[in-house]
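Here's a quick briefing on the chain below. Have a look at the fold, then read on for the sheet, the core and a couple of residues worth a stop.

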Amino acid sequence: MVDGSRLRLSAGVACLAVAAGVLVGCSAAYERQVGFVSGTVTCDGRPLTSGVVIFTPVELEGGANVSDQDFAKGARGLVNPDGTYQLSTYSEDDGAAVGVHEVRVMQLDPDDDDAPVENGGFACSQEVVRVTVEKGSNT
């Protein structure tokens, strides 16, 4: 005869193990292939000394448009004092998802690196540009 409490405990542990496996599998399944992205942000020929570069995916590899169901994650990179940046998506400095992105630059308050300057604060053109991130290195 099987002890009912032992059976319930075993079934509960098995369900937790399956759920954990599904969650781990799901997170990795939605990670897109990335290409390393770095560059320099300039304004009137001079490097921007603080800010953030934001890449928002609009078209994935193969030409598919991005929808809410795609779980396509954007990339960001802080601008260093010399104007350089490197993008991060899933881990530090790994790049951006392969595909077409809209790029925005936001200047940060020099007294508080986490706060954007009021009204965007970027004196240069704030038009959104589109770039294509490819496999490998993109500079």
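**Overall picture**

Of the contacts (heavy atoms within 4.5 Å) between residues at least 6 apart in sequence, 70% join residues at least 24 apart. Keep in mind that this is a predicted model, where local features need pLDDT of at least 70, side-chain atom pairs count only at pLDDT 80 or more, and totals for chains, interfaces and linings use all residues. Residues are numbered from 1 along each chain as its sequence is written, and side-chain values use heavy atoms, with hydrogens and water left out.

**The chain as a whole**

- Going along the sequence, the pattern reads α-β-β-β-β-β-β-β-β-β-β-β-β.
- The chain has 139 residues, and 28% of them are buried; buried means under 20% relative accessible area, exposed over 50%, and partly exposed in between (1.4 Å probe, protein chains only).

**The four-stranded sheet**

- Four strands form an open sheet in the order S5-S4-S8-S11, with antiparallel pairing; two strands pair if DSSP finds at least two bridges between them.
- S5 and S11 (129-133) are the edge strands, each with a single partner, so one side of each has no neighbour in the sheet.
- From one strand to the next, the twist averages 30 degrees; axes are lines fitted to C-alpha atoms, for helices over the stretch in contact, and angles run from 0 to 180 degrees between N-to-C directions.
- Eight bridges link S4 and S8 in the antiparallel sense, while five antiparallel bridges join S8 to S11.
- Leu60 sits opposite Gly99 of S8.

**His101, with partners on two sides**

- His101 belongs to strand S8 (residues 99-106) and is buried, with a relative accessible area of 1%.
- Pro57 has His101 as its bridge partner in S8, and His101 also stands opposite Val131 in S11.
- A polar atom of the His101 side chain lies 2.6 Å from the backbone oxygen of Ala97.
- Leaving out residues up to four places away in sequence, His101 touches Phe55, Thr56, Pro57, Val58, Ala96, Val129, Arg130, Val131 and Val133.

**The nonpolar core**

- The largest nonpolar core holds 12 residues: Val37, Val41, Leu48, Val53, Phe55, Ala75, Val79, Tyr85, Leu87, Ala96, Val103 and Val133. Strands S4 (51-60) and S5 (75-79) are the elements giving two or more residues to this core.
- By definition, such a core is a set of buried Ala, Val, Leu, Ile, Met, Phe, Trp, Tyr and Cys residues joined through side-chain atoms within 4.5 Å.
- Val103, one of the core residues, touches Val53, Ile54, Phe55, Glu127, Val128, Val129 and Val131, again not counting residues up to four places away in sequence.

**Cys43**

- Cys43 is in strand S2 (residues 42-43) and is buried, at 13% relative accessible area.
- Cys43 and Gly83 are 40 residues apart in sequence, with 9.5 Å between their C-alpha atoms.

Technical notes
A polar contact is a pair of N or O atoms within 3.5 Å; within protein, one must be able to donate a hydrogen and the other to accept it, and residues adjacent in sequence count only if both atoms are side-chain atoms.
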